[in-house]
Amino acid sequence: MEINRRQFFGIAGTMAGGALACKPKKTQAARTLKAPPDPYGCLMDITACVGCRKCEEACNRVNNLPPPQVSFDDPRPLERKRRPVVTAYTVVNRYHTGKRDQRNQLIPTFVKVQCMHCQDPGCVSACIVGALTKKDNGAVHYDASKCIGCRYCMVACPFQIPAYDYHDPLTPKVHKSTFCYHLIIKEGGKPACAVICPVEAITFGKRRQLLGLARQKIKNDPGRYLDRIYGEHEVGGTSWLYISGEPFEKLGFLDLPTRPIPHLTETIQHGMFRYMWAPLSLFAVLGGFMWTFNRKQITGDSEPERKEGSI
Amino acid sequence: MKQWKKPNTISMLAMLTVVLVSTLAVTLFKNRIDVADAVDPTQPTVAPTPIPRAWEARQTAAEHRSAEVVPLVKEVLKETPAQRRARFGDKVPQIEDIEYSYFLLNNPIIEKEGNLYGRVRFMHKKHAGILKDCFICHHHRAADPKAPDISRCSACHQDSFNAELPGRIGLKGAHHRQCMGCHKKWNRGPVGCTECHPKNVPDHTNLVKLPWNPKPTDVTKECLRCHDVQAEEMLTSTHWLWKGPSPFTEGSEKRIDLGKATKTINNFLIHIASNLPRCTSCHAGYGWKEATFDFTDKTRIDCLVCHDTSKTYVKAPLGAGMPDLKVDLVHVAKKVGKPSRKTCGSCHFSGGGEDPVKHGKLNPFLDFHSSSCDIHMGGLGFECHECHKTRNHKISGRSLALPVAEGSRSCEDCHTAIPHQGKALLNHHLNRHTEHIACTTCHNPFYAKCDPSKTFWDWSTAGNKKRKVKKDEHGMPDYDWKMGDFRWENRVKPAYAWYNGKVKRHILGDKINTEGVTVLTEPVGDIKDPNSKIYPLKFMGGIQAADAVHNYLLVPHLFGPGGYLETMDWQKSFAEGMKAAGLPYSGQYKWVETIMYIGLNHEVLPKKFALSCVQCHASLRTERSCGRCHQDKHEVDFKNLAFQGIDFKILHGKGRDVQERVESTYYIGFEKLGYKGDPILFGGRFKQLPLGWRLGSKKE
Ligand code: SF4
Ligand code: SF4
């Protein structure tokens, strides 16, 4: 199966290459960043997170997700790297980067993973029916009623976030973090994970202000933080921002270009529609491109943990 | 239609007015009566309740403080710790400057965003005593020079994200980062959620789905729908098996089979064999009425007896653990939550058959808001599980009377081994005591504080239906023709003994002491053992039956059909009882004397009612100053120091019968513990105190 898929995508990838070569320059130059002017965001301070999984619990509760197999109080799930799935829109992963404390114990670093609510999201531009939209408040919103289940978004997302209800035969949906859209549209509302976090590792606010806060934190405590805000420029910027004391590459973060993903996806789409290619081959091309693209990121990562981490 | 409706509305309005006015009138009238009652001078003044209300003030004040939201300090003074210290000079705040030693960490600021957990009790003074530097936690001050230098956390830390002050973390984050950060850094103190907080149990009203009038096991099945793991945990717990590891029983450290269900024997109701439906009416399960009870059947677990919050759940007295038929199980199941004093107490307060019989330190009074019985439960509202930390349904804590233990708890776990904080002279001396005497020795100077407790039980005299039952001075019967003679005591001075944590235990089948008294449980310890400390203990005497040939204690069949309480025939009772216990009965019995010791770790009194120095060290009574040991300092008020502590006179005035202990000295009795006499004069157990020399040299 794996090999078949690989071969299939390999062929598709070559086709995509062809499509790209056809008309790349014009479409790319024509595109401008499609980001809301003053969106909300969340700043996650990785140095503060204690890995308590309360954010997972809160997410489960506000989204009415099914009860977990292992209780949220149980640290065992941290033993393997997880990805957001249909039943959990956010997960916390534990990394050991090799740092030790005075008692020679490995210091764990915890990273919360969820949809980054990109400023100019790949998933939104890939969605051909407009089921996914970037809202002014920053949320990348999914409207299940419009969704036709094509799953382009899943392939288009550079972070491999959207998950699909494969086991639901009747009304399958794409699942991903909602940014608690229904809460944050209200005055003073915050995402549930930011509210619950006992150590306030997650700060919710205007993205612009959070960037300032992040810079200030890094400046005030250069021993604690690396001088990098993940999400500031990655794929054109994301609403979720991370600051860390450990190199991001060691914490499962992908090293992504600063160009928004739609540059690529839209280029392909436009190119293909111009030559009236069949929708099936469109899917194949897109899929193949994104697959190889993501694959590169994953295999490029030195951490052995990544192996378990990828889906 | 319209015309008909109008008068109706009017009449309704009129009726409403009448009702309102009458309610108002009644309320006013009632208030008047109340007021009149309060000031009526003709009424005789009723003696005040024996519960001094002021004792509860600390908890109320802490609750009040935790409900306050103070104005936010917007600007803070930027200075380094060194600059700050320099600013204070030698006026750096000290532990003695602490205004409140106890806080409840909670605030409406935190609550408004919901809370998975209950509030944390924070021992402020203890932390100050350990850190010895206020500025570690109180790290900044307000820029306003008029503001106090040290302010509470919530003065600066409030909402989690304030757009005006983006760098400032909120109150919840501040608490957690400060507490956990420090605890982690020093590898000391709790870091897990439930090590500080009790967890809030979600409302089960809509979660629990039960038919009308379910069987108890149906309720458990419904619980199991979500809590199967918890049931698995329960199946291996001692509350379910009534046996388990006995790590503190001498000679049985590795055993896991001791417990009430097997070989534990006492001098109250002796043993559970053949008496199951009565004894197991306290079992956290349904229907353990025969030895064949299936201990692997999860549906027989009684979740409600521990998790009821409706306070309506009771078990039937002879029901082998089944609930009383009157209990509305659906209501109780929808109201499940954390265990409480009430639920734990439903069994533990009535050990020995009924309320206050057995323990002398656990009684229903602990459920009331009063610290005159117990500072933790009564005064500060502690629930049992706040100390008896529970993991996977294994409840920590141990007892002298019972071998099973799933972990142990001690005062030091919270109060540390140097519990008397502060630089005051007395604290230093008191902290020197903690290696040698248990906290409860001073802080629990008498037991059965609020309820008399049984201290002697003579089964041999049972059976005399004609004997007149007398009530003793506590109003308790001295005899029951079914059960023999009793002695009840109130406000009892404990027995004191060296105890290193190990217990010598008589188990069923052990040979009795044919020469004298058989000791059923006894603390292990010795004056020369550095791990031993002096502990207060309840002393329980009894006369019970032993096999005259085999020389072991006999198990009587007491309750139920054919039991002694019905047949009044000891021979039959012993034959049945020993059959159930699996030991031969020779057919001849004799009455033997037994004693057992029971620990006294609850009913701790507030610190001002601890024993004073002079209560034990009589030699200090005649001293006028510290001059015997130290160079005399005139500013020290020796009398005030040495005499500080429990005043039995006050307690006596409050209606406690402690008269014979007023002015008592030699309270714990040094000679009986192996000392030559008062250690102040004769020296401590390991070293001569610098102070004994005068008398010592005089003697020689
Ligand atoms: S992280 Fe993926 S799913 Fe989330 S907004 Fe960005 S592209 Fe879309
Ligand atoms: S709630 Fe906060 S501290 Fe806990 S795992 Fe999530 S981000 Fe980390």
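How many salt bridges does the rule count over all chains? The count comes to 40, where a salt bridge is a side-chain nitrogen of Lys or Arg within 4 Å of a carboxyl oxygen of Asp or Glu. One of them sits inside chain A, where the side chains of Lys217(A) and Asp45(A) meet with N and O 3.2 Å apart. Lys217(A) belongs to helix H8 of chain A and Asp45(A) to strand E1 (residues 40-45) of chain A, so this pair ties together parts that are 172 residues apart in sequence.

A word on the ground rules. This is a predicted model, so to speak of local features takes a pLDDT of at least 70 and side-chain atom pairs count only at pLDDT 80 or more, while totals for chains, interfaces and linings use all residues. Residues are numbered from 1 along each chain as its sequence is written, chains are lettered from A and ligands numbered from 1 in the order in which they are written, and side-chain values use heavy atoms, with hydrogens and water left out.

On to the interface. Here 22 residues of chain A are in contact with 21 residues of chain B, contact being heavy atoms within 4.5 Å. The two chains bury about 1,900 Å² between them, 50% of it on carbon and sulfur atoms; buried area is the accessible area (1.4 Å probe) that two parts lose on being put together, summed over both. Arg103(A), Glu200(A) and Gln209(A) supply 27% of what chain A buries against chain B, more than any other three residues.

The rule finds 2 salt bridges across this interface. Lys190(A) forms a salt bridge with Glu113(B), and the closest N and O atoms are 3.0 Å apart. On the side of chain A that touches chain B, at least two residues each come from helix H3 (54-62), helix H7 (192-196), strand E8 (202-206) and helix H8 (207-220) of chain A. Helices (H or I, at least four residues) and strands (E, at least two) are DSSP runs, numbered from the N terminus. That side of chain A divides into 11 nonpolar, 4 polar and 7 charged residues. Ala, Val, Leu, Ile, Met, Phe, Trp, Tyr, Cys and Pro count as nonpolar, Asp, Glu, Lys and Arg as charged, and the others, Gly among them, as polar.

Next, the ligands. Ligand 1 is surrounded by 13 residues, the closest being Cys115(A), Met116(A), Cys118(A), Cys123(A) and Cys157(A); a residue is near a molecule if one of its heavy atoms lies within 4 Å of it. This shell holds 10 nonpolar, 2 polar and 1 charged. Around ligand 2 there are 13 residues, of which Cys49(A), Cys52(A), Arg53(A), Cys55(A) and Cys197(A) come nearest. The shell of ligand 2 splits into 10 nonpolar, 1 polar and 2 charged.

As for strands, E2 (residues 91-100) and E3 (residues 106-113) of chain A pair in the antiparallel sense over 7 bridges, pairing being at least two bridges found by DSSP between two strands. They form a hairpin with 5 residues between them, and Asn104(A) in the turn has a positive phi of about 65°. Asn93(A) has Val111(A) as its bridge partner in E3(A), and Tyr95(A) stands opposite Thr109(A). In chain B, strand E12 (residues 518-523) runs antiparallel to strand E11 (residues 503-505), joined by 3 bridges.
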